[in-house]
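Let's take a walk through this one together, a stop at a time. Have the model open and follow along.

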Amino acid sequence: MAVITISRGSYSKGKTVAEKVAEKLGYECISRDILLEASEEYHIPEIKLVRAIHDAPGILERVSHQKEKFVSFVQTALLKHLCRDNIVYHGLAGHYFVQGVSHALKVRIIADMEERAQLEMARETISRSEAMRLLKKDDDERRKWSQYLYDTDTADPNLYDLVIHIRKITVDDAVEIICNTVSMATFNTTEASKQAITDLLLAAEVKAAVIQLDHSITTSAENGVVTIHSQAMLHQQNALGNEIEAIAKTIPGVLGVNIRLDSIIPLSE
């Protein structure tokens, strides 16, 4: 029993690998389903969530911090699935959401740019130069996205347990490698790892509920006790702390709330 996240660029055959892994293991395979669920639960148009987990932030997004809010909604929706175990998720950001979960196998699928371009040319009926331009733009958007939100490059191999290059290693080879790896004892679900992902979900649910109060809010949870870190002007701290606590206590599973507020020091005139 485990969860598998598969990160892939467009036209890298990661979707096919994910579907075949799920079929071979008898796992549920999910991807865009998460966006639909988050869209329905939080009443946000799906296209906005797609952009939130794909596109680099524009100037207005940097000011409004909508991307952080929308990503928190997607994270919550995904973790609700991953808590059930036996899941393969393919798409962006999954590996960021399961850090510290020992039964999560994080995989990155890569492919040669030329082969990716040939696939896009065939599907979109476009020239090679146009296909190359679109792929490079897409890769650049994803890189800027991860650097903005997590200060890392999503292509960094250190983020993953496995990086598989689809070339000499075929799709079927990749499926075998992933299935064999996830069967190792190190990826078995334990009581501790189940608690870790439960804590991540609870922290994500609380963050999604309170993030409108302050985009910089961070949350963590341990056995039902949630710690919320934010910041405010000194004269606003009591009111903000009370509002955060009241909202957090409405989330099922929250047994206690710790609030840590840093003081914002106004700039001298």
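The side chain of T76 reaches the backbone oxygen of S72 at 2.9 Å. T76 is part of helix α5, residues 66-82; helices here are DSSP runs of H or I with at least four residues, strands are runs of E with at least two, and both are numbered from the N terminus. With a relative accessible area of 0%, T76 is buried (buried is under 20% relative accessible area, exposed over 50%, partly exposed in between, using a 1.4 Å probe and protein chains only). Residues up to four places away in sequence aside, T76 touches Y42, L201, A204, E205 and A208, where contact means heavy atoms within 4.5 Å.

A word on the ground rules: this is a predicted model, so local features need pLDDT of at least 70 and side-chain atom pairs count only at pLDDT 80 or more, while totals for chains, interfaces and linings use all residues. Residues are numbered from 1 along each chain as its sequence is written, and side-chain values use heavy atoms, with hydrogens and water left out.

Next stop, H90, which sits in strand β3, residues 87-90. Is H90 buried or exposed? Its relative accessibility is 5%, so H90 counts as buried. Its side chain makes a polar contact with the side chain of R8 at 3.3 Å (a pair of N or O atoms within 3.5 Å; within protein, one must be able to donate a hydrogen and the other to accept it, and residues adjacent in sequence count only if both atoms are side-chain atoms). Beyond its neighbours within four places in sequence, H90 is in contact with residues including K15, A18 and C29.

Now find helix α7, residues 113-124. In α7, R116, A117 and E120 are buried. They cover an arc of only 100° around the axis, so they lie on the same side of α7 (the arc is that of the directions from the helix axis to the C-beta atoms). The buried residues of α7 pack against β4 (104-111) and α8 (128-150).

Last, the open space. Which element gives the largest share of the lining of the largest pocket? That is α1, with three residues. Elements giving two or more residues to this lining are α1 (14-25), β3, α7 and α8.

Notes: Expected span 1.5 Å × (residues − 1).
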